[in-house]
Amino acid sequence: MATFAGQYNATIDDKGRVVLPAAFKKALGEMQLEFVVVEKNRRSKCLDIHTVETWKRDVEKFRAKLNPETNPMHDKLLQLYFQNFVHVGVAANGRINIPNEFLDYAGLKEKVTFLGMQTSIRLSVAVSAQDSIVSDEDYLDMLKMIDGQGA
């Protein structure tokens with residue numbers, strides 16, 4: 001399974017095409033990558049890019065919690081869930097063509113930022129160096145919060 005880390009800036013052309021950063025293509029290694037799954041991230045108003053393998057694993061975990069055959073609300077939730085995803089082809093050079101509906105959802109135009117999120121890649125509006133700076137103190141405070149030591 002590929003592991004993604006790091007932040008890279010790129011440009012989307014007027015047809016919605018963008019090339020995956022070289023570091024992410026390298027992380028994919030020997031995988032025969034013909035498709036990726038692009039997700040509308042409803043928590044962060046951006047897009048998440050998954051390998052098909054990772055996406056299938058996550059869908060199975062989600063689906064196991066539901067019983068759409070007998071519960072109409074589960075059926076509706078499953079429908080809404082799958083509307084957030086699209087399979088897109090990956091060209092030999094790592095270029096993907098993201099549908100306009102997904103680009104519009106995340107407000108992506110021209111300059112974008114790829115961010116490795118371990119098992120997925122986040123694609124968002126370009127982040128400037130200043131926007132992504134968090135003081136060491138604030139970062140340590142956030143780490144303490146998850147350890148139960150902070151507020």
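Predicted model: local features only at pLDDT ≥ 70, side-chain atom pairs only at ≥ 80, totals over all residues.
Let me start with strands β3, residues 35-41, and β4, residues 46-51, which pair in the antiparallel sense over 6 bridges; strands here are DSSP runs of E with at least two residues, helices are runs of H or I with at least four, both numbered from the N terminus, and two strands pair if DSSP finds at least two bridges between them. Within this pair, V38 stands opposite I49 in β4.

Residues are numbered from 1 along each chain as its sequence is written, and side-chain values use heavy atoms, with hydrogens and water left out.

Both strands belong to an open sheet of 6 strands, ordered β1-β7-β8-β4-β3-β5, with antiparallel pairing. Its edge strands are β1 (7-11) and β5 (85-89), each of which pairs on one side only. Neighbouring strands are turned by 30 degrees against each other on average, direction ignored, where axes are lines fitted to C-alpha atoms, for helices over the stretch in contact, and angles run from 0 to 180 degrees between N-to-C directions. Helix α2, residues 52-63, packs on this sheet and touches β3, β4 and β5, its direction making about 100 degrees with that of β4; contact means heavy atoms within 4.5 Å.

Turning to the β1 side, 5 bridges join β1 to the antiparallel strand β7, residues 111-116, and Y8 has F114 in β7 as its bridge partner. Strand β7 also pairs in the antiparallel sense with β8, residues 120-125, over 5 bridges, with T113 opposite S124 in β8. The hairpin of β7 and β8 has 3 residues between the strands, and Q118 there takes a positive phi near 70 degrees.

And how much of the chain is buried? Buried residues make up 34% of the 151 residues, buried meaning under 20% relative accessible area, exposed over 50%, and partly exposed in between, with a 1.4 Å probe and protein chains only.

Finally, helix α5, residues 136-146, contains M142, which counts as partly exposed because its relative accessibility is 42%. The chain as a whole has 5 helices and 8 strands, and its C-alpha trace spans about 50 × 45 × 30 Å along its principal axes. Of the contacts with a separation of 6 or more, 61% are between residues 24 or more positions apart.
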